[in-house]
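Subject: Structure for you to look at

Hello,

Here is the structure I said I would pass on. My notes on it follow below.

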Amino acid sequence: MTSLVCLVIANMIGAGVYTTSGYSLQALGTPTRVLAMWAVAAVIAIAGAICYGGLSRQLVRSGGEYLFLSRAVHPLAGFMAGWISLLAGFTGAIAFAATTFVNYLPEQLGADEPREKIMAAVGLIALAALLHLFQTGPGTIGQNILVGIKLLAIVGFIAIGIAAVELPAAVEATDAAAAAGPSFSTYANQLMWISFSFAGFNASIYVAGEARLGKQTVRRSMLFAAVGVSVIYLLLNTVFLFTAPLSEIVGRGDLAAVVGDYLGGETLGMAVQLLVALSLATSVSAMLQAGPRVYVKMAEDGMLPRWFIPSDGVPRTAILLQAYLATLLVCAATVQDLLDYTSFLLSVSAASTVLCLLLPRFRGQPGQRPTIMWPVLPAVFGLMTLGIAIVGCLYRYQQSPTSLMLSLAVVGSGIGVYWFRPDRVGPR
């Protein structure tokens, strides 16, 4: 249970919480609106954790969205979910976290030039891959220790920040200067970005087949971690949004470092930079641990080459491929394109998976339904997540078509690979 909770926390607390609110503040106009979007995203994530828990109670195997969609809908649907995980869900998220990691390194380390930043991001991906490449146990223990250190540091920063916040006065001052509310599509786009920070609440399902007492521990770990991280996010963003002057944080991607400097000068600012870098490093490590399990399951079902299947339980080939693809993306895309492209595809995949709870394979029997408030909870989560993703993506397309073009390329290439692959055995 401890390792599963740490895996989920490490997947969730990554780049998004330290970068998104500065951009969202620029789009929405006031800290109160931004904080409200974080609260909505938290409720959606907790609902999603409950729904994924309902799926995991019925099928305790590794494989994530691929597993559930291939069993409930069609092998093509499952393959597309796995393909999205391979090219966007994990690859894009790893590249985003590694790129942001470099931006939070202290200036003294000298990673200022574009070439140096790329090398540092690639180095982090390589080190994280090495951590999990040989034995599962040591990598998991090391990750648990780092997550514990990260949580203690975050709690310490929150305590310093909350002590400095005069919340009623800050809210009144910022709201008084607010402009008219933005459009619905702007809210939807920001909610999609913010929801990306909660991605990973379902990380336990990717390693469910290796968990002890999987029916209990997998679903509980997702719920416990989702609730705990939601509280941390709301407290962190209260500190981020209501301490430093708005002019210093609006539109800033290094929001946490700016607030750290404001609260405690250069010393605390550097400490916050190191905290963020640690958070991002553990996020990269956790995703390199979870993602390859999906590709192993796809290989076992004949959807990917059999050389992905490990002989000793450690998916080395899948880990190396995941690290290589993330490295390519680090070299090829900007941070904002990575965020848009990854957020949209992850939202579509998660919504489709949860809606499997409405289909015969996973809806249970009367009196023994898989989740509370069935079918309302999975239906609301699925439709809200899908709707927000579509509206947000269309809004972003008007600003820059790059992310949508990348998403369509992933979907098109996945369909092509599925239909033209050599005939293999179906899902087992």
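Which residues form a nonpolar patch on the surface? They are Met1, Ile162, Leu223, Phe224, Val227, Val231 and Leu235, and together they have about 550 Å² of accessible area. Patches are made of residues with over 30% relative accessible area and no salt bridge, with like charges joined within 9 Å and nonpolar side chains (Val, Leu, Ile, Met, Phe, Trp, Tyr) within 5 Å. A salt bridge is a side-chain nitrogen of Lys or Arg within 4 Å of a carboxyl oxygen of Asp or Glu. Accessible areas come from the Shrake-Rupley method with a 1.4 Å probe, and for residues only the protein chains shown count as cover.

Some background before the rest. This is a predicted model, in which local features need pLDDT of at least 70 and side-chain atom pairs count only at pLDDT 80 or more, while totals for chains, interfaces and linings use all residues. Residues are numbered from 1 along each chain as its sequence is written, and side-chain values use heavy atoms, with hydrogens and water left out.

The protein has 17 helices and 0 strands; these are DSSP runs numbered from the N terminus (helices H or I, at least four residues; strands E, at least two). Of its 428 residues, 54% count as buried (under 20% relative accessible area; exposed is over 50%, partly exposed in between; 1.4 Å probe, protein chains only).

Back to the patch: helix H11 gives the most to it, with 5 residues. Ile162 belongs to helix H8 (residues 136–164) and is partly exposed, at a relative accessible area of 37%.

H11 (residues 214–242) also holds Ser221, which counts as buried because its relative accessibility is 0%. The Ser221 side chain makes a polar contact with the side chain of Ser204 at 2.6 Å (a pair of N or O atoms within 3.5 Å; within protein, one must be able to donate a hydrogen and the other to accept it, and residues adjacent in sequence count only if both atoms are side-chain atoms). That side chain also reaches the backbone oxygen of Val218, at 2.8 Å.

In the largest nonpolar core, of 134 residues, Tyr18, Phe198 and Tyr295 touch the most other members. H13 gives the most to this core, with 20 residues. Such a core is a set of buried Ala, Val, Leu, Ile, Met, Phe, Trp, Tyr and Cys residues joined through side-chain atoms within 4.5 Å.

Lastly, Val314 sits in the loop between helix H13 (255–300) and helix H14 (316–332). Val314 and Phe134 are 180 residues apart in sequence but 6.9 Å apart in space, C-alpha to C-alpha.

Regards
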